[in-house]
Amino acid sequence: GAADPLVELKLGGAEGKTTVKKGELEPVWDETFELAISGAKHDLILTVKDWEKCGKNEVMGFVRVPWAEVEAAGGADSEHSIMLDGKAIENDGPSKLHLSISFEPES
């Protein structure tokens, strides 16, 4: 059946969440987030979940973007395989999350 996916973003203590795309197997969010961080450098974690009206949202997979890639991104697009239990999710091919990341250090 169709999923109701959303993506939760976490970078250190900063967090964000996309809108829910109801009934979508190939969702497109096209959303922008600004996550302010300070101190330690953390990987960007994106967790794809299936929204549930009642109960806890079910984890469908996750992507971990290493800090070095976040820092060096410069607005470049990147593609990351969605992993679950350490393995790439394979349906009709690997599920991927397409990102555009830019890092702007405070001066």
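Is Ser78 buried or exposed? At 18% relative accessibility, Ser78 counts as buried; buried means under 20% relative accessible area, exposed over 50%, and partly exposed in between, with a 1.4 Å probe and protein chains only.

Before continuing, note that this is a predicted model, in which local features need pLDDT of at least 70, side-chain atom pairs count only at pLDDT 80 or more, and totals for chains, interfaces and linings use all residues. Residues are numbered from 1 along each chain as its sequence is written, and side-chain values use heavy atoms, with hydrogens and water left out.

**Stop 1: the whole chain**

Display the protein as a cartoon. Its secondary structure comes to 1 helix and 8 strands, where helices (H or I, at least four residues) and strands (E, at least two) are DSSP runs numbered from the N terminus. Followed from the N terminus, the elements run β-β-β-β-α-β-β-β-β. Of the 107 residues, 31% count as buried. Switch to a surface view: the protein exposes about 7400 Å², and carbon and sulfur atoms supply 47% of that area (Shrake-Rupley method with a 1.4 Å probe; for residues, only the protein chains shown count as cover).

**Stop 2: Ser78 and strand S5**

Return to Ser78, which is found in strand S5 (residues 77-81). Show its side chain together with that of His80: a polar contact of 3.0 Å joins the two. A polar contact is a pair of N or O atoms within 3.5 Å; within protein, one must be able to donate a hydrogen and the other to accept it, and residues adjacent in sequence count only if both atoms are side-chain atoms. Leaving aside residues up to four places away in sequence, Ser78 touches Glu69, Leu97, His98 and Leu99, contact meaning heavy atoms within 4.5 Å.

**Stop 3: Lys96 in strand S8**

Select Lys96, found in strand S8. At 35% relative accessibility, Lys96 counts as partly exposed. Beyond residues up to four places away in sequence, Lys96 touches Glu79, His80, Ser81 and Ile82.

**Stop 4: strand S1 and its partners**

Move to S1, which is mostly covered, with 5 of its 7 residues buried. S1 and S3 run antiparallel and are joined by 7 bridges; two strands pair if DSSP finds at least two bridges between them. In this pairing, Leu6 stands opposite Lys49 in S3. S1 and S2 also run antiparallel, with 4 bridges joining them, and Leu9 has Gly16 in S2 as its bridge partner. In the hairpin of S1 and S2, 2 residues lie between the strands, and Gly12 takes a positive phi near 60°.

**Stop 5: the salt bridges**

Side chains of opposite charge can pair when their charged atoms come close. The structure holds 4 salt bridges, each a side-chain nitrogen of Lys or Arg within 4 Å of a carboxyl oxygen of Asp or Glu.

- Glu8 and Lys49: the closest N and O atoms are 3.0 Å apart. Glu8 lies in strand S1 (residues 5-11) and Lys49 in strand S3 (residues 44-50), so the pair ties together parts that are 41 residues apart in sequence. Glu8 is partly exposed at 22%, whereas Lys49 is buried at 15%.
- Glu15 and Lys10: the N to O distance is 3.7 Å. Glu15 is exposed at 57%, and Lys10 is partly exposed at 40%.
- Asp43 and Arg64: the closest N and O atoms are 3.6 Å apart. The pair links distant parts of the chain, with Asp43 in the loop between S2 (14-17) and S3, and Arg64 in strand S4 (residues 58-65), 21 residues apart. Asp43 is partly exposed at 27%.

**Stop 6: the nonpolar core**

Which residues have the most contacts inside the largest nonpolar core? Select Leu44, Leu46, Val65, Leu97 and Ile101, which hold that place in a core of 16 residues. A nonpolar core is a set of buried Ala, Val, Leu, Ile, Met, Phe, Trp, Tyr and Cys residues joined through side-chain atoms within 4.5 Å. S1, S3, S4, helix H1 (67-72) and strand S8 (96-100) each supply at least two of its residues. Finally, centre on Leu44, whose contacts beyond four places in sequence include Leu11, Leu35, Val63, Val65, Val70 and Ile101.
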